[in-house]
Each structure stands twice: as structure tokens, then as C-alpha cells.
Amino acid sequence: MFYNPETKQFLDRQELSLKFNTSIPNSLEEFEGWYKVYYGIKPSGNEFQSLRESEIEIIDGHYTINYYLLDTSLDVVKHIKKMRLNESFDKCYNSKDLHIMSSLGFEINANSVANTNIEGLIKVVTKKGLKSVLFRDFNNQMHEVSLDDLETMQIDVIMNGQELYAKKWQVELAIDNATTIDELLEIEDNFRIII
């Protein structure tokens with residue numbers, strides 16, 4: 001890149017060659033009032049910083065552009081972290097792979113629809129006056145379960161949901177209480193990793 005301090009314009013080597021209808025060698029420092037631009041080292045930042053270029057300045061006799069990091073505001077980072085947490089929580093809580101060991105000794109689904117499914121079976125048993133129904137567990141094994149068994153599993157699923165929400169709320173509180181971006185970077189916002 002070349003810079004003209006009089007016009008404050010920048011041209012790359014090809015554009016400068018076309019402008020003057022001549023080949024510009026790589027080693028050329030100055031040509032017709034256009035000066036080679038030097039670039040400083042790009043600093044490494046975090047995901048909440050953006051890289052910006054400084055205004056051109058003369059450093060050690062060279063027209064130089066340096067880089068700096070611009071921090072995103074704390075409030076914006078908090079908002080991003082909470083959005084990520086909510087999205088990953090919803091994905092986890094709605095996953096067909098979310099399961100728990102029931103109090104009855106076999107694994108059952110524990111996602112957002114598991115309670116609804118169990119509630120449906122409770123209604124069937126109650127309305128039809130059945131002593132038991134077949135229930136398919138997480139591993140696709142069939143079990144004959146009573147109304148009491150269904151209610152026990154429903155409590156298991158509800159309690160698991162409450163535990164998941166409690167973990168989510170704990171992370172939200174940590175995000176709210178963070179006072180620096182560095183503190184926010186240390187807070188995990190992927191709920192699948194948290195549980």
C-alpha cells in the first residue's frame with residue numbers, strides 16, 4: 001500500500017502502477033510523492049474485541065498504520081452471553097437425548113415434552129380406570145407402570161427441570177454480577193457444557 005500525504009489517498013501497488021503507467025518494484029519506498037505504508041503488529045484480542053487501524057502516522061521515518069483493539073461495552077457482552085446461554089439451554093432442554101435415571105430404576109426422557117407425555121398417560125389411567133399402562137423408557141424398553149409410578153416419574157422429570165433452570169439462573173446471575181469483560185469471558189455460556 002502507498003500513501004500520498006498531500007492528497008491523503010491510499011493506493012495499492014497495482015493501482016499506483018496503473019496511475020503512472022509503470023511497474024512499481026516491491027522494494028520501492030517512495031514514488032512521485034507516494035510513500036510505502038508500513039503496518040504494525042496486530043494484537044490478539046478476545047471474541048468481544050474488534051481490531052481497528054490507527055490513523056497513519058510517521059514512525060521512524062515511515063508512514064505507519066498501527067492496530068488497536070476496541071472493546072465491546074460490558075452491557076453488550078452481557079447481552080450476548082445471556083443470548084448464548086438461553087439458546088443453548090433451549091437446545092439442551094428440548095433435546096431428545098436429555099434423560100435421567102428415574103426413581104423406578106430405569107432411564108426416562110427428561111426433555112421439555114417428557115412431562116407432557118407422562119401427564120397424558122396419567123390422564124388415560126385416571127379416566128379409563130386402568131391399573132397400569134405400558135411405558136417406553138429412554139432405551140426403548142417397555143415397562144408396565146401404575147398411576148403411582150407415573151406420578152413418581154413426573155416428579156422426577158419436574159425436579160430435573162427445576163435443577164436445570166436453577167443452573168441456568170445461577171449462570172445468569174454470574175453474568176449480571178460480572179464487572180469486567182475478563183470476568184464474563186470466564187463464564188461458560190454453553191449450557192450443554194455446564195450440565
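## A tour from Y63

Begin by selecting Y63, which is buried, with a relative accessible area of 16%. Buried means under 20% relative accessible area, exposed over 50%, and partly exposed in between, with a 1.4 Å probe and protein chains only.

The model is predicted: local features need pLDDT of at least 70 and side-chain atom pairs count only at pLDDT 80 or more, while totals for chains, interfaces and linings use all residues. Residues are numbered from 1 along each chain as its sequence is written, and side-chain values use heavy atoms, with hydrogens and water left out.

**Rings around Y63**

Rings of Phe, Tyr and Trp (its six-membered ring) pair if their centres lie within 6.5 Å; planes under 30 degrees apart count as stacked, over 60 as edge-to-face and the rest as tilted. The count of aromatic pairs by this rule is 11. Y3 lies in strand β1 (residues 2-4) and Y63 in strand β7 (residues 62-65), so the pair ties together parts that are 60 residues apart in sequence. Helices (H or I, at least four residues) and strands (E, at least two) are DSSP runs, numbered from the N terminus. Y3 is buried, at a relative accessible area of 6%.

Next, show Y35. The rings of Y35 and Y63 have centres 5.1 Å apart and planes at 45°, so this pair is tilted. Y35 is in strand β4 (residues 34-39), 28 residues apart from Y63 in β7. Y35 counts as partly exposed, at 31% relative accessibility.

**A ring cluster and a charge**

Now select F89, Y93, Y165, W169 and F191, which ring pairs link into a cluster.

**Helix α4**

K168 is also one of the buried residues of α4, a list that includes L150, M153, V157 and L164. Select all of α4, residues 147-177: this helix has 31 residues and reaches 45 Å from its first C-alpha to its last, close to the 45 Å expected at 1.5 Å a residue. The expected span is 1.5 Å times one less than the number of residues.

Strand β11 (residues 133-136) pairs with β12 (residues 142-145) in the antiparallel sense over four bridges. Two strands pair if DSSP finds at least two bridges between them. L134 stands opposite E144 in β12. In β11, V133 and F135 form the covered face, L134 and R136 the uncovered one. Five residues lie between the strands of this hairpin, and N140 takes a positive phi near 65°.

**The largest core**

Which residues touch the most other members of the largest nonpolar core? They are I108, I118, F135, V145, L150 and M153, in a core of 29 residues. A nonpolar core is a set of buried Ala, Val, Leu, Ile, Met, Phe, Trp, Tyr and Cys residues joined through side-chain atoms within 4.5 Å. Among the elements that give two or more residues to this core are β11 and α4. The largest share, six residues, comes from α4.

Finish at I108, whose contacts (heavy atoms within 4.5 Å) include F135, M153 and V157, not counting residues up to four places away in sequence.
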